[in-house]
Amino acid sequence: MKKRSIFTNIFKERSFLRICVVHFTIFSVLLLALYLGFIFIYTSMLNNSFSDMDDMLKYKSEMKDDKYADIPIGNFKDCAFIVFNEKNKVLYSSTKALKSEIKGTDTYMIENYNSNANYSITKYKSGKNKDGYYIQRCETAKNGTVYSTGHLIVDKNLKKLSGTLFTVNQLTKAELNLMSGKIIDAHQDEYSVTKYSYVNKKNKSRTFIFVYPTFTEDTYQDAEKDIVKYIPIPVGMVVLLILLQTAIFDRSIRRSMAPLNNAMISYAKGQPEKVDKDAMPAEFEDVVQNFENLMEALKKSEEEKDKAYSDRQKMIIDVSHDLKTPLTVATGYARALADGKVPKESENQYLQTIYTKCITASELMDELFTYAKMEHPQYKISPVEVDFHEWLMAYLDNRAEEIKLKGFILKTDIPDDIEVANIDLGMFPRVIDNIINNALKYNPIGTTIYVGVKEHNDSIIMHIADDGVGISKEVGDRIFDAFVTTNEARTSGKGTGLGMSIVKRIVELHGGTISVIDLPGYSTTFEIILPRVFVKQPIA
């Protein structure tokens with residue numbers, strides 16, 4: 001049957017992939033719009049929490065028209081302004097308190113906006129002027145040179161000691177603060193202050209003084225706290241968007257799959273009907289055809305149908321149960337990476353997790369393939385004669401360091417006169433690997449693992465045991481069954497419930513048996529019995 005390109009299916013009207021792409025695109029655009037909208041609002045609110053003279057100069061037209069009431073000072077949190085005329089009389093004040101905090105005679109002490117001149121205030125820490133202040137008026141030339149245009153020295157009580165900067169003999173704390181570019185209000189809250197001198201449209205001099213919150217870490221955090229309380233709104237909108245998009249997507253999928261679903265329902269009722277292929281997504285045409293072929297085949301043999309259905313359901317349930325977890329994790333992490341929700345420093349960790357889960361899923365499928373292959377009646381092994389003592393000792397020597405590093409104790413009892421055995425060197429090590437790996441995985445550190453071999457009549461008997469947590473009798477009776485879904489019985493380390501079934505099949509292919517027995521001193525013991533070869537052959 002001809003295969004279609006994935007890109008071809010996207011543009012087909014009857015396409016499952018097209019449905020997915022359309023819904024994903026719509027959802028992504030809406031989510032992006034919501035995100036950008038929130039960022040815009042968040043930034044605007046944060047900017048409004050920290051204003052400066054640049055924000056006021058956006059209303060320069062109102063300032064030059066003396067229409068100060070038209071300036072929306074309420075949009076700027078905790079800000080205020082006051083305007084003086086050329087005679088230092090108050091023309092307008094946005095708050096009554098500001099009139100008492102700043103006088104017209106104080107304007108010369110306030111730094112001018114974007115001026116190349118400023119006051120430098122230094123506090124004496126020692127000497128005869130200790131706790132006094134050295135006040136200097138500095139100006140910066142166009143070439144970058146800074147020079148002084150006057151200075152003033154005051155004592156700790158702000159009384160003038162020397163200097164020509166001001167004619168007054170006594171400064172107030174408020175005046176010193178104004179020279180520092182700040183105001184301390186009645187609540188001891190600190191605000192920054194700056195002025196803008198200009199000429200209005202009637203050629204009258206004006207001094208516009210702007211007072212705004214001082215930008216500090218504390219004020220920034222307070223502003224963020226005020227904004228954070230609105231976060232539940234976008235979060236709720238995202239949740240609502242997800243629920244709405246999920247409902248719409250679910251409805252679209254159900255509608256596209258309805259013909260196939262209806263055919264299955266009619267078949268279950270014993271009234272099979274043809275599937276309307278024209279109403280099905282293009283990707284499912286092969287599925288529909290296979291389904292119809294299956295129904296035709298099942299009509300020929302009801303008994304074969306029941307068996308095939310039972311086996312199929314059992315296989316799907318058991319395998320999907322074990323594949324669901326790694327694939328769900330890998331899919332979720334991949335989606336997070338695709339959506340750009342993963343911090344840059346965590347991307348490698350997410351990719352490593354996806355890789356690990358994919359390896360797990362691959363191993364599960366390999367286990368299933370191995371089991372199916374071994375169950376085929378024509379499957380054969382390729383045994384060779386080996387000195388079982390030498391072979392087993394070499395195997396354990398290779399694993400001894402690993403067992404020791406994991407905190408386990410390896411104890412052996414393998415006589416050097418053990419006879420030759422016929423084993424498949426590619427398959428039989430898996431038997432011992434599986435049992436030892438389970439012991440390492442499911443037992444605590446310090447557990448002793450015992451491997452012993454003895455001969456009895458025409459058999460070689462091997463015991464692999466441990467003194468760990470043990471397994472219950474119920475699990476021991478079922479441990480070699482295929483597709484055991486009880487979590488306690490999943491002792492293969494692979495998670496499919498096939499590991500011990502494969503072990504048993506390998507042993508049987510060697511003409512032997514395996515069982516769980518009781519061995520004094522150990523909680524779990526596997527006994528493997530293999531045919532014994534009496535006449536040793538030269539071993540290359």
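1. Helices (H or I, at least four residues) and strands (E, at least two) are DSSP runs, numbered from the N terminus. Counted in this way, the chain has 15 helices and 16 strands. The structure is a predicted model, in which local features need pLDDT of at least 70 and side-chain atom pairs count only at pLDDT 80 or more, while totals for chains, interfaces and linings use all residues. Residues are numbered from 1 along each chain as its sequence is written, and side-chain values use heavy atoms, with hydrogens and water left out.

2. The chain as a whole may be described next. Of its 540 residues, 37% count as buried; buried means under 20% relative accessible area, exposed over 50%, and partly exposed in between (1.4 Å probe, protein chains only). The accessible surface of the chain comes to about 32500 Å², and carbon and sulfur atoms hold 54% of that surface. Such areas come from the Shrake-Rupley method with a 1.4 Å probe, and for residues only the protein chains shown count as cover. A contact means heavy atoms within 4.5 Å. Among contacts between residues at least 6 apart in sequence, 59% join residues at least 24 apart.

3. The largest pocket deserves a point of its own. A pocket is an open set of points on a 1 Å grid over the protein atoms alone, where a 1.4 Å probe fits, with protein on both sides within 12 Å along at least five of seven lines; lining residues have an atom within 4 Å of a point. About 730 Å³ of space lies in the largest pocket, where a volume is the space filled by probe spheres set on the points, and grid points are joined across faces, edges and corners. Of the 24 residues that line the largest pocket, Phe27, Ser28, Leu31, Asp339 and Lys341 are the closest to its centre.

4. Which elements give two or more residues to the lining of the largest pocket? They are helix 2 (16-49), helix 8 (232-268) and helix 10 (302-338). Helix 2 supplies the largest share, eleven residues. By class, the lining has 17 nonpolar, four polar and three charged residues. Here Ala, Val, Leu, Ile, Met, Phe, Trp, Tyr, Cys and Pro count as nonpolar, Asp, Glu, Lys and Arg as charged, and the others, Gly among them, as polar.

5. Helix 8 also contains Pro234, which is buried, with a relative accessible area of 15%. Pro234 touches Leu34 and Phe38, not counting residues up to four places away in sequence. Between Pro234 and Gly37 there are 9.2 Å in space, C-alpha to C-alpha, although the two are 197 residues apart in sequence.

6. The loop between helix 2 and helix 3 (53-56) holds Ser51. Is Ser51 buried or exposed? Ser51 has a relative accessible area of 5% and is therefore buried. If residues up to four places away in sequence are not counted, Ser51 touches Phe76, Cys79, Phe210 and Tyr212.

7. The structure holds 14 aromatic pairs. Rings of Phe, Tyr and Trp (its six-membered ring) pair if their centres lie within 6.5 Å; planes under 30 degrees apart count as stacked, over 60 as edge-to-face and the rest as tilted. The rings of Phe81 and Phe208 have centres 4.8 Å apart and planes at 20 degrees, so this pair is stacked. Because Phe81 lies in strand 1 (residues 80-84) and Phe208 in strand 9 (residues 205-213), the pair ties together parts that are 127 residues apart in sequence. Both Phe81 and Phe208 are buried.

8. In a second pair, the rings of Phe388 and Phe428 have centres 6.4 Å apart and planes at 70 degrees, so the pair is edge-to-face. Phe388 lies in helix 12 (residues 388-405) and Phe428 in helix 13 (residues 428-442), so parts 40 residues apart in sequence are tied together. Phe388 and Phe428 are both buried. Elsewhere, ring pairs link Tyr68, Phe81, Tyr92 and Phe208 into a cluster.

9. Two later elements close this note. In helix 15 (residues 499-509), the buried residues include Gly499, Met500, Ser501, Ile502, Val503, Ile506 and Val507. Gly511, whose phi is positive, near 80 degrees, follows helix 15. Thr524 lies in strand 16 (residues 524-531) and is buried, with a relative accessible area of 7%. Not counting residues up to four places away in sequence, Thr524 touches Ile464, Ala465, Asp466, Gly470 and Ile471.
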